[in-house]
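Hi,

Here is the structure we talked about. Please open it alongside this message; my notes follow below.

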Amino acid sequence: TRTDVLVLMRNTRSSAVLVEAFGKTYSGILNSDCFSAYEKYDADEYQKCWSHILRDGKDLAKHNDEGKSLCREISRMYKYIARIKENKEENTDKVKLWIWRQKKIIKSWLEKKYESKAVLNLVKRINKYSDQWFTCLKYDFVEPTNNTREREIRKNVIARKISGYHRSERGKRAREIMMSTILTLQKRAQNPHNFIQTTIRNRNLGIMKSGL
């Protein structure tokens, strides 16, 4: 969230991890990519990440005209979303009308015949989640991408690959606690080093006093 980060390290990427963290249902908005585990999880609303389809669209644009056309369309949509977010015009009548029109456009893409199977697959994916691309235009606090979360996760992925801390369950648990604490404090504009030092100092003082 804007103020909290929870880092979990598990041997699976299934929706069971989401259930462990949030329970069987989540009374909020789940911002994610199109990985199937998120689809299986029950949240109030969903926002799919635009960065992923923009990146896929740019890759397809390098190969054929169908890819270029689709890339132009999704880039046009995202530019509008970015402008609305910047101007804080979410959930206005003009935005609602625009969303309705874009959903009709997305649906019309399925009526076309494509020579490129890769382009068709991306069109199908966009259509599958057509109700989940524009949630960010309903709420000012919902971002159109999940870039922030992925950057936070990336730090831990790199640490996992180079660190021996994760060779035991205890080490893995220690890493979860440490990274959850540090990332949360950073979001709250607090100094992690000072916080951890103070916490350890106060804990040691408490132990000493209880020993007396």
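This is a predicted model: local features need pLDDT of at least 70, side-chain atom pairs count only at pLDDT 80 or more; totals for chains, interfaces and linings use all residues.

Lysine 48 lies over the face of tyrosine 129, 4.8 Å from the ring centre.

Now the aromatic pairs. There are 8 of them in the structure. Take phenylalanine 22 and tyrosine 26. Their ring centres are 5.1 Å apart and their planes stand at 50 degrees, so the pair counts as tilted. Stacked would need under 30 degrees, edge-to-face over 60. Phenylalanine 22 is partly exposed, with a relative accessible area of 45%. Tyrosine 26 is partly exposed too, at 26%.

Tryptophan 50 and phenylalanine 134 form another pair. Here the centres lie 6.0 Å apart and the planes are at 55 degrees, so this pair is tilted as well. It links distant parts of the chain, 84 residues apart. Tryptophan 50 belongs to helix α3 (residues 50-61). Phenylalanine 134 is in the loop between α6 (117-128) and α7 (147-162). Both tryptophan 50 and phenylalanine 134 are buried. They also belong to a cluster. Ring pairs join Trp50, Tyr78, Tyr80, Trp98, Trp133 and Phe134 there.

Next, the largest pocket. How much space lies in it? About 1800 Å³. Its lining has 43 residues. Leu6, Leu18, Tyr38, Arg149 and Ile153 lie nearest the centre of the pocket. By class, the lining has 20 nonpolar, 11 polar and 12 charged residues. Which element gives the largest share of the lining? That is α7, with 8 residues. At least two residues each come from α1 (16-22), β1 (25-32), α2 (36-39), α7 and α8.

Last, helix α8 itself. It covers residues 169-187, 19 residues in total. From first C-alpha to last it reaches 27 Å, close to the 27 Å expected at 1.5 Å a residue. Its buried residues include Gly171, Met179, Ser180, Ile182, Leu183, Thr184 and Leu185. Charged side chains are on that buried list too: Lys172, Arg175 and Glu176. After α8 comes alanine 189, which has a positive phi, near 60 degrees.

Best wishes

Methods: Residues are numbered from 1 along each chain as its sequence is written. Side-chain values use heavy atoms; hydrogens and water are left out. Rings of Phe, Tyr and Trp (its six-membered ring) pair if their centres lie within 6.5 Å; planes under 30 degrees apart count as stacked, over 60 as edge-to-face and the rest as tilted. Buried means under 20% relative accessible area, exposed over 50%, partly exposed in between (1.4 Å probe, protein chains only). Helices (H or I, at least four residues) and strands (E, at least two) are DSSP runs, numbered from the N terminus. A charge sits over a ring if NZ of Lys or CZ of Arg is within 6 Å of the ring centre and within 35 degrees of the ring normal. The expected span of a helix is 1.5 Å times one less than its number of residues. On a 1 Å grid over the protein atoms alone, a cavity is a set of points where a 1.4 Å probe fits but cannot get out, and a pocket is an open set with protein on both sides within 12 Å along at least five of seven lines; lining residues have an atom within 4 Å of a point. Grid points are joined across faces, edges and corners, and a volume is the space filled by probe spheres set on the points.
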